[in-house]
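Let's take a friendly close look at a single part of a structure that is new to us.

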Amino acid sequence: ATIAAASIDDRRRVEDCLEKIGYSSKHLLLLINDVLDMSRIESNRVKLNHEPFELYQLLNSFVSVIYPQATIKGLEFTEKTTGFTEHTTYLGDSLRLNQILLNLASNAIKFTPKGGKVSLEVSRLKSRGKKSWLRFVVADTGIGMDEEALAKLYTPFEQADASIAQKYGGTGLGMSITQNLVALMGGYLDV
């Protein structure tokens with residue numbers, strides 16, 4: 001902002017500064033939201049909504065965000081659903097489910113080089129009692145993880161190594177938050 005103010009007569013310089021301010025403010029907001037989510041999780045203050053939502057509406061909204069991100073990066077994104085009948089309304093927390101899917105898919109996009117593939121497959125599993133079980137699989141052809149990185153995957157503020165944050169960005173909170181949200185929903189996360 002200071003550089004933009006000092007360069008007020010140089011339109012291109014001001015536009016460049018404003019673009020960087022916009023990017024930085026979005027990054028800071030994501031960081032603050034991740035820290036707040038982690039704080040709520042650690043203090044057992046996360047409350048899940050138990051409201052009806054339409055699965056295909058949620059998936060369409062999700063794809064409308066992820067597909068352009070994949071396309072811009074030069075990736076192929078596909079989506080597939082299996083095992084569903086005409087009834088696709090479920091009770092749950094659609095906002096948190098969307099947060100989980102966005103985090104997994106954003107990571108897949110972030111760590112997949114141009115020309116790669118990212119996919120989402122959603123399957124309806126056999127019901128257990130009165131509960132329906134859904135499986136969400138996010139797959140990619142990205143850089144992968146070794147056993148050491150996999151062991152730290154869900155540890156808050158951890159990344160595979162110091163170069164990951166520098167090269168790809170991120171806070172190291174996303175997967176920890178995701179794992180905790182999945183557990184609160186009665187599910188599990190597997191790699």
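Student: Please walk me through the sheet: which residue in E5 does Ser 123 stand opposite?

Tutor: Ser 123 stands opposite Arg 135 in E5. This is a predicted model, where local features need pLDDT of at least 70 and side-chain atom pairs count only at pLDDT 80 or more, while totals for chains, interfaces and linings use all residues. Residues are numbered from 1 along each chain as its sequence is written, and side-chain values use heavy atoms, leaving out hydrogens and water.

Now the strands. Helices (H or I, at least four residues) and strands (E, at least two) are DSSP runs, numbered from the N terminus. Strand E4, residues 117-124, pairs with E5 in the antiparallel sense over seven bridges; to pair, two strands need at least two DSSP bridges between them. The open sheet has three strands in the order E2-E4-E5, with mixed pairing. Its edge strands, E2 (76-82) and E5 (134-140), each pair on one side only.

Helix H3 (residues 55-72) packs on this sheet and touches E2, E4 and E5, where contact means heavy atoms within 4.5 Å. The direction of H3 makes about 165 degrees with that of E2; such angles run from 0 to 180 degrees between N-to-C directions, with axes fitted to C-alpha atoms, for helices over the stretch in contact. Helix H4 (residues 94-110) lies across E4 and E5, at about 20 degrees to E5.
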